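These are my notebook entries on a structure that I looked up. I recorded each point in short form and in the order in which I examined it.

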Amino acid sequence: MGHSSKKKKRGGGGKRAKGRTPLKDHPHHQGADDNELLAEEITALCAIFQEDCKIVPGPPAQIFIKLRPYSKDMGFEDLDVSAVLLVRCFPGYPYKSPKLQITPEKGLTNDDAEKLLSLLHDQLGK
């Protein structure tokens, strides 16, 4: 009698869970945690790209990824086009974007490499 069947929404009342820091308030000097996160990401990249991923450790960490079109689902694989993506992660990563560079290899012009780099920068901005 008089009770609503609707449940009240739990808003949390503005309280934060203990130990959590919002990203915008994240201290810039948490190097150990940042290094651990970078190491996990490098492990994932190596698992995904396998022999197409090379790591040069050290500040800054450098990750070289060979890029090739993949169209096996379409019935062909184009082996005549490739480029190398260089990702450099400077201190402050992942809160600062990495520096990217694309070097054309086979069948790719410098202009095409610049267009690819521009597309990557657009994606980072979103």
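**Entry 1: Salt bridges**

I began with the side chains of Lys115 and Asp111, which meet in a salt bridge at 3.6 Å, N to O. I noted before going further that the model is a predicted one. Lys115 and Asp111 are 4 residues apart in helix H2, so about one helical turn separates them.

Next I turned to Lys66 and Glu105, whose side chains form a salt bridge at 3.5 Å, N to O. Lys66 belongs to strand S2 and Glu105 to the loop between S4 and H2, so this pair ties together parts 39 residues apart in sequence. Lys66 has a relative accessibility of 30% and counts as partly exposed. Glu105, at 40%, also counts as partly exposed.

I then examined Asp52, which forms a salt bridge with Arg68; their closest N and O atoms are 2.4 Å apart. This pair links distant parts of the chain, 16 residues apart: Asp52 is in the loop between H1 and strand S1 (53-56), and Arg68 is in the loop between S2 and S3. Is Asp52 buried or exposed? Its relative accessibility is 16%, and the cut-off for buried is under 20%, so Asp52 counts as buried. Arg68, at 36% relative accessibility, counts as partly exposed.

**Entry 2: Ser82**

I looked up Ser82 and placed it in the loop between S2 and S3. With a relative accessibility of 1%, Ser82 counts as buried. Which residues does Ser82 contact, leaving aside its neighbours within four places in sequence? I listed Lys66, Leu67, Arg68, Pro104, Glu105, Lys106 and Leu108.

**Entry 3: The largest nonpolar core**

I went on to the largest nonpolar core, which has 16 residues. Those with the most contacts inside this core are Leu38, Ile63, Leu85, Val87, Cys89 and Ile102. Helix H1 (31-49), strand S2 (61-67), strand S3 (83-89), strand S4 (99-104) and helix H2 (110-125) each give two or more residues to the core. S3 provides the largest share, 4 residues.

I then followed Ile63 on its own. Not counting residues up to four places away in sequence, Ile63 touches Ile42, Leu45, Cys53, Lys54, Ile55, Leu85, Leu86, Val87 and Cys89. Among these, Leu85, Val87 and Cys89 are also listed with the most contacts inside the core.

**Entry 4: The second largest pocket**

Last, I examined the second largest pocket, with a volume of about 190 Å³. Its lining consists of 13 residues, and Leu45, Ile63, Ile65, Leu85 and Val87 lie nearest the centre. Which elements each supply at least two residues of this lining? They are H1, S2 and S3. The largest share, 4 residues, comes from H1. By class, I recorded 12 nonpolar residues, no polar residues and 1 charged residue in the lining.

Note on methods
Residues are numbered from 1 along each chain as its sequence is written. This is a predicted model: local features need pLDDT of at least 70, side-chain atom pairs count only at pLDDT 80 or more; totals for chains, interfaces and linings use all residues. Side-chain values use heavy atoms; hydrogens and water are left out. A nonpolar core is a set of buried Ala, Val, Leu, Ile, Met, Phe, Trp, Tyr and Cys residues joined through side-chain atoms within 4.5 Å. Buried means under 20% relative accessible area, exposed over 50%, partly exposed in between (1.4 Å probe, protein chains only). Contact means heavy atoms within 4.5 Å. A salt bridge is a side-chain nitrogen of Lys or Arg within 4 Å of a carboxyl oxygen of Asp or Glu. On a 1 Å grid over the protein atoms alone, a cavity is a set of points where a 1.4 Å probe fits but cannot get out, and a pocket is an open set with protein on both sides within 12 Å along at least five of seven lines; lining residues have an atom within 4 Å of a point. Grid points are joined across faces, edges and corners, and a volume is the space filled by probe spheres set on the points. Ala, Val, Leu, Ile, Met, Phe, Trp, Tyr, Cys and Pro count as nonpolar, Asp, Glu, Lys and Arg as charged, and the others, Gly among them, as polar.
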